[in-house]
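Reader: I am new to this structure. Please pick a single part and take me through it closely, then show me what lies around it.

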Amino acid sequence: MAAAKPTTEIDLSGIGFERLQHIGRGQYATAHLVKETASGSTYVAKCVSMTALNEHDQDLAHQEVFLLETLSHPYIVAYRASFLVEEVLVIVMEYCDAGDLRKFIKEKAKAKEHILEAQVMTWFVQLCLALQCPSRRLGTCFPPMLTRCNALA
């Protein structure tokens, strides 16, 4: 990856979104809670600094957009739109207001609480079903254990 600092603070009003709050930051991207001005719906805008990425990583960023556009499954975050604004790739996705699994697990660990086995198994099945989706749609083949979830048998 390139050493440049990401420039991801852009005005989204020109593409029909109002920034509500900053919700995350990675090495080359930021995530913002946004509201679509036309509908009032809330989404997450992932803003990726393309100038901070080398050519290979830029290709991977575009591949992420392609995969999100292609996939439609209840256990995969839904794609809404993408734009290139001032050398920043903006990927607008469904907002998961309950947070992510990583955050949930960290909060449970900090509180020294256990996660019920039934909950873990539910998540495992959902993960298997989500992995099955791209293998059918894109013609790829994941290991049978992941596509059929036969590990539960």
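Author: Start with Ser 49, which is buried at a relative accessible area of 0%. Buried means under 20% relative accessible area, exposed means over 50%, and partly exposed lies in between (1.4 Å probe, protein chains only). Ser 49 sits in strand 3. Its side chain makes a polar contact of 3.3 Å with the side chain of Thr 51. A polar contact is a pair of N or O atoms within 3.5 Å; within protein, one must be able to donate a hydrogen and the other to accept it, and residues adjacent in sequence count only if both atoms are side-chain atoms.

A word on the basis. The model is predicted, so local features need pLDDT of at least 70 and side-chain atom pairs count only at pLDDT 80 or more, while totals for chains, interfaces and linings use all residues. Residues are numbered from 1 along each chain as its sequence is written, and side-chain values use heavy atoms, with hydrogens and water left out.

Now the strand itself. Strand 3 spans residues 42-49. Six of its eight residues are buried, which leaves strand 3 mostly covered. Helices (H or I, at least four residues) and strands (E, at least two) are DSSP runs, numbered from the N terminus. The protein chain has four helices and five strands. Their order along the sequence is β-β-β-α-β-β-α-α-α. Of the 153 residues in the chain, 29% count as buried.

Strand 3 has strand 2 as a partner. The two pair in the antiparallel sense over seven bridges. Strands pair if DSSP finds at least two bridges between them. Thr 30 has Cys 47 as its bridge partner in strand 3. Ala 31 has Lys 46. Strand 2 and strand 3 also form a hairpin, with five residues between them. Gly 40 lies in that turn and has a positive phi of about 80°.

Strand 5 is another partner. Strand 3 and strand 5 pair in the antiparallel sense, over seven bridges. Here Tyr 43 stands opposite Glu 94 in strand 5.

Step across to strand 2, residues 29-36. Seven of its eight residues are buried, so strand 2 is mostly covered. Strand 1 (residues 17-25) pairs with strand 2, antiparallel, over seven bridges. Strand 1 and strand 2 form a hairpin with three residues between them. Arg 25 stands opposite Thr 30 in strand 2. Thr 30 therefore links back to Cys 47, its bridge partner in strand 3.

The structure holds zero disulfides. A disulfide is counted when a pair of cysteine sulfur atoms lies within 2.5 Å.

The largest pocket holds about 1,600 Å³ of space. Of the 39 residues that line it, the closest to its centre are Val 77, Cys 96, Gly 99, Asp 100 and Leu 101. On a 1 Å grid over the protein atoms alone, a pocket is an open set of points where a 1.4 Å probe fits, with protein on both sides within 12 Å along at least five of seven lines; lining residues have an atom within 4 Å of a point. Grid points are joined across faces, edges and corners, and the volume is the space filled by probe spheres set on the points. Strand 3 is among the elements that each supply at least two residues of the lining; others include strand 1, strand 2, helix 1 (55-70) and helix 3 (117-137). The lining divides into 24 nonpolar, six polar and nine charged residues. Ala, Val, Leu, Ile, Met, Phe, Trp, Tyr, Cys and Pro count as nonpolar, Asp, Glu, Lys and Arg as charged, and the others, Gly among them, as polar.

Take Asp 100 from that lining. It is found in the loop between strand 5 and helix 2. Asp 100 is partly exposed, at 47% relative accessibility. A polar atom of its side chain lies 2.7 Å from the backbone nitrogen of Lys 103.

Last, the loop between strand 4 (79-85) and strand 5, where Glu 86 has its place. Phi of Glu 86 is near 50°, a positive value in a residue other than glycine. Glu 86 is exposed, with a relative accessible area of 62%. Glu 87 lies in the loop between strand 4 and strand 5. Its phi is near 65°, also positive. Glu 87 counts as partly exposed, at 46% relative accessibility.
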